[in-house]
Amino acid sequence: GAGVSQSPSNKVTEKGKDVELRCDPISGHTALYWYRQSLGQGLEFLIYFQGNSAPDKSGLPSDRFSAERTGGSVSTLTIQRTQQEDSAVYLCASSKDSYNEQFFGPGTRLTVL
Amino acid sequence: DQQVKQNSPSLSVQEGRISILNCDYTNSMFDYFLWYKKYPAEGPTFLISISSIKDKNEDGRFTVFLNKSAKHLSLHIVPSQPGDSAVYFCAASEETSGSRLTFGEGTQLTVNP
């Protein structure tokens, strides 16, 4: 079956602009995660959705970052007023529930000029 | 505060020999550990995991060892194959945070034919 998909694969934007990154999880997966990987760093947790529960936003680096998950499926990560330090690969993962293996998408490479 | 550390950014081994990748952690609340493998332009893929109640888990050529007293785990690949060349990430989670993962920085493994 289809894996986790993300769009766009690459995004170049100017400092100060807003961007939206999309994640389509594997059908039926109730848990969805966003991570980011900055150059030379490991993956950094951003936010986690589980079913209808309130999301765990504890990893979001600032209030310029927000995410939503509509209908328990597709998720959008929004970064407002982008800064150069936001440049990274943003990875989405989904799992059957909170205690199962996470399947990752290919990521969106964001470059802020 | 880097709670999961992979001190070797790179490792090079000969085909057929053993590859040993190391990982250290500081958070004693971590009770589940995973290794992910990542090829360029792809998302990480799950490789093998171990619960804190065990000290060893084996799956084919891959074995993960956990030393809780030393807060150290390692991944052994025997025999190593050129197709194993990838970045390997160590990750950990606490039961209380669901399966939100904390990742190390990754180790680039190169297996030479």
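## Basis

The model is predicted: local features need pLDDT of at least 70, side-chain atom pairs count only at pLDDT 80 or more, and totals for chains, interfaces and linings use all residues. Residues are numbered from 1 along each chain as its sequence is written, chains are lettered from A and ligands numbered from 1 in the order in which they are written, and side-chain values use heavy atoms, with hydrogens and water left out.

## Interface of chains A and B

Chain A brings 19 residues to the contact, and chain B brings 16. Contact here means heavy atoms within 4.5 Å. The two chains bury about 1400 Å² between them, and carbon and sulfur atoms give 56% of that area. On the chain B side, the most area is lost by S99(B), R100(B) and F103(B), which together make up 36% of what that side buries. Buried area is the accessible area (1.4 Å probe) that two parts lose on being put together, summed over both.

One salt bridge is found across this interface. It joins R100(B) to D56(A), with the closest N and O atoms 3.8 Å apart. The rule asks for a side-chain nitrogen of Lys or Arg within 4 Å of a carboxyl oxygen of Asp or Glu. The side of chain B that touches chain A holds seven nonpolar, four polar and five charged residues. In this classing, Ala, Val, Leu, Ile, Met, Phe, Trp, Tyr, Cys and Pro are nonpolar, Asp, Glu, Lys and Arg are charged, and the others, Gly among them, are polar.

## A sheet in chain B

Chain B has an open, antiparallel sheet of five strands, ordered β1-β3-β8-β7-β6. The edges are β1 (4-5) and β6 (56-59) of chain B; each has a single partner strand, so one side of each is left without a neighbour in the sheet. Strands (E, at least two residues) are DSSP runs, numbered from the N terminus. Two strands pair if DSSP finds at least two bridges between them.

β1(B) pairs with β3 (residues 19-25) of chain B through two bridges, in the antiparallel sense. K5(B) has D24(B) in β3(B) as its bridge partner.

## Disulfides

Over all chains there are two disulfides, defined as cysteine sulfur atoms within 2.5 Å. One of them is formed by C23(A) and C92(A), whose sulfur atoms lie 1.9 Å apart. This link is left-handed, with -65° about the S-S bond. C23(A) sits in β3 (residues 19-24) of chain A and C92(A) in β8 (residues 88-95) of chain A, so the pair, 69 residues apart, links distant parts of the chain.

## Backbone exceptions

Most residues other than glycine have a negative phi, and most peptide bonds are trans. The bond from S7(A) to P8(A) is cis, with omega near -10°. P8(A) lies in the loop between β1 (5-7) and β2 (10-13) of chain A. The bond from V78(B) to P79(B) is also cis, with omega near -10°. P79(B) lies in the loop between β8 (72-77) and β9 (86-93) of chain B.

A41(B) is not a glycine, yet has a positive phi of about 65°. A41(B) is in the loop between β4 (32-38) and β5 (45-51) of chain B.

How values were computed: Helix = DSSP H or I, 4+ residues; strand = E, 2+ residues; numbered from the N terminus.
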